[in-house]
Amino acid sequence: MVKIAFETMGCRLNQAETAILQSRFAAQGYVLTTDPLDADLYVLHTCTLTAQATAKCRRRLRWLIRHNPGACVAAIGCYAQTDADELANIPGVDFVVGTADKLR
């Protein structure tokens, strides 16, 4: 079974959408974990409201990639929408999905 961890930065809408994604992945047979170091797939729901928020997202992605290098890493949400190229250029980020496509 593939283990998936979600982490959410930002607003209540991001929290609600992450819950929807968790339900969808669980329904497809993925095992949800709260431990990103135990995950095969890690999804960070990003925020870009402030420069501090974007920096926090980058730090979190890099931390995860260093500590769980075997995980497939996805950045979704606002930051992924506004600066997709920047996120895609972080070594170890496998998927960048903006706001328009994150629930697909």
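1. Buried means under 20% relative accessible area, exposed over 50%, and partly exposed in between, with a 1.4 Å probe and protein chains only. On that scale Phe25 is partly exposed, since its relative accessible area is 22%. The model is a predicted one, in which local features need pLDDT of at least 70, side-chain atom pairs count only at pLDDT 80 or more, and totals for chains, interfaces and linings use all residues. Residues are numbered from 1 along each chain as its sequence is written, and side-chain values use heavy atoms, with hydrogens and water left out.

2. Aromatic pairs. Rings of Phe, Tyr and Trp (its six-membered ring) pair if their centres lie within 6.5 Å; planes under 30 degrees apart count as stacked, over 60 as edge-to-face and the rest as tilted. The count by this rule is two aromatic pairs. One of them joins Phe6 and Phe25, edge-to-face, at 5.7 Å centre to centre and 65 degrees between the planes. Because Phe6 is in strand β1 (residues 3–8) and Phe25 in helix α1, this pair ties together parts that are 19 residues apart in sequence. Helices (H or I, at least four residues) and strands (E, at least two) are DSSP runs, numbered from the N terminus.

3. Exposure of the aromatic residues. Phe6 counts as buried, at 14% relative accessibility. The rings of Phe25 and Tyr30 have centres 4.9 Å apart and planes at 75 degrees, so this pair is edge-to-face. Tyr30 counts as partly exposed, at 27% relative accessibility. Phe6, Phe25 and Tyr30 form one aromatic cluster.

4. The largest pocket. On a 1 Å grid over the protein atoms alone, a pocket is an open set of points where a 1.4 Å probe fits, with protein on both sides within 12 Å along at least five of seven lines, whereas from a cavity the probe cannot get out; lining residues have an atom within 4 Å of a point. Grid points are joined across faces, edges and corners, and a volume is the space filled by probe spheres set on the points. The volume of the largest pocket is about 250 Å³. Its lining has 15 residues, of which Leu21, Phe25, Ile76, Lys102 and Arg104 lie nearest the centre.

5. Make-up of the lining. At least two lining residues of the largest pocket come from each of α1 (12–27), β3 (41–46), β4 (72–77) and β5 (95–97). Helix α1 gives the most, with three residues. By class, the lining has ten nonpolar, one polar and four charged residues. Here Ala, Val, Leu, Ile, Met, Phe, Trp, Tyr, Cys and Pro count as nonpolar, Asp, Glu, Lys and Arg as charged, and the others, Gly among them, as polar.

6. Helix α2. The expected span of a helix is 1.5 Å times one less than its number of residues. For the 17 residues of α2 (residues 51–67) this should be 24 Å, and the end C-alpha atoms are 24 Å apart, which agrees. Buried in α2 are Ala53, Thr54, Ala55, Cys57, Leu61, Leu64 and Ile65. The cover over these buried residues includes β3, β4, α3 (78–82) and α4 (84–88).

7. Leu44. This residue is in strand β3 and counts as buried, at 0% relative accessibility. Contact means heavy atoms within 4.5 Å. Leaving aside neighbours within four places in sequence, Leu44 is in contact with Glu7, Met9, Cys57, Arg60, Leu61, Ala74, Ala75 and Ile76. Leu44 and Pro69 are 25 residues apart in sequence and 15 Å apart in space, C-alpha to C-alpha.

8. Glu17. Helix α1 holds Glu17, which counts as buried at 11% relative accessibility. Not counting residues up to four places away in sequence, Glu17 touches His45, Lys102 and Leu103.

9. Cys72, in strand β4, is partly exposed, with a relative accessible area of 26%. Beyond four places in sequence, Cys72 touches Asp40, Leu41, Tyr42, Asp94 and Phe95. Cys72 and Val43 are 29 residues apart in sequence and 8.6 Å apart in space, C-alpha to C-alpha. Val96, in strand β5, counts as partly exposed at 27% relative accessibility. Its contacts, with residues up to four places away in sequence not counted, are Ala75, Ala80, Ala84, Leu87 and Ala88.
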